[in-house]
Amino acid sequence: GSGPQALAKLARFGVELESPHYTAQLAALRAATQPAFLAAPVCQFQAITPAQMTLDRCVSGAASNPRVEALLWGDSNAAHYQGMLDVIAQHAGFRLRNIEIGSCPPLPGNVSAFVAPRRARDCEHASAVVRDALNDYPVVILAGLWTAYQQRSAEFLPSLFASIDALARSHRLVVVLGKAPTLTG
């Protein structure tokens, strides 16, 4: 016939039809559903350096605004919010830098009691690097898998609240985001 060509093949549970259009759409869907840490401009690292706090690729939002006014800081959970915050920043006219450090809470103080021992050194170093850069941002957005850190130590929540209070007292707008929603099977 003159209709679109399709290829029929025996699949594990029956017959599966494939066409070039279907294959292209499936590839586009897979590309759009990649893990958050692979999405541009997410800047998620296992360890960071001061130079990574200045990478242009980690900035999104309103290109017309020359100043980066907000910092999204968190663990891998924060990466899930970057796209949404980019859209908000574009509409509100501000620019946003993001930095995510895997399995490390976004706290400017000592965090080793809240993380796995194998992550303690990287988390402590990341905390110091970000703490040194906080003065550059009037808005700080914190996001993390809060319950994981709270389960490691009863001191986590008091430390988090003290950090939020200190940031707010230093004339910053502090936004705390909850855990990104998950789907259970």
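Glutamine 52 sits in the loop between β3 (44-45) and β4 (59-61); here helices (H or I, at least four residues) and strands (E, at least two) are DSSP runs, numbered from the N terminus. The model is a predicted one, with local features needing pLDDT of at least 70 and side-chain atom pairs counting only at pLDDT 80 or more, while totals for chains, interfaces and linings use all residues. Residues are numbered from 1 along each chain as its sequence is written, and side-chain values use heavy atoms, with hydrogens and water left out.

Now for the protein as a whole. Six helices and eight strands make up its secondary structure, and they run along the sequence as β-β-α-β-β-β-α-α-β-α-β-α-α-β. Of the 185 residues, 39% count as buried. Among contacts between residues at least 6 apart in sequence, 73% join residues at least 24 apart. The protein exposes about 10900 Å², and carbon and sulfur atoms supply 58% of that area (Shrake-Rupley method with a 1.4 Å probe; for residues, only the protein chains shown count as cover).

Next come the aromatic rings. Rings of Phe, Tyr and Trp (its six-membered ring) pair if their centres lie within 6.5 Å, with planes under 30 degrees apart called stacked, over 60 edge-to-face and the rest tilted. That rule gives three aromatic pairs. In one of them, the rings of tyrosine 149 and phenylalanine 156 have centres 5.5 Å apart and planes at 45°, so the pair is tilted. Both tyrosine 149 and phenylalanine 156 are buried. Ring pairs also tie Phe114, Trp146, Tyr149 and Phe156 into a cluster.

Finally, the backbone. Most residues other than glycine have a negative phi. Serine 103, however, has a positive phi near 60°. Serine 103 belongs to the loop between β6 (95-101) and α4 (120-133) and is partly exposed, at 40% relative accessible area. Histidine 171 also has a positive phi, near 65°. Histidine 171 lies in the loop between α6 (156-169) and β8 (173-177) and is exposed, with a relative accessible area of 74%.

Definitions and conventions
Buried < 20%, exposed > 50% of the residue type's maximum accessible area, 1.4 Å probe, protein only. Contact = heavy atoms within 4.5 Å.
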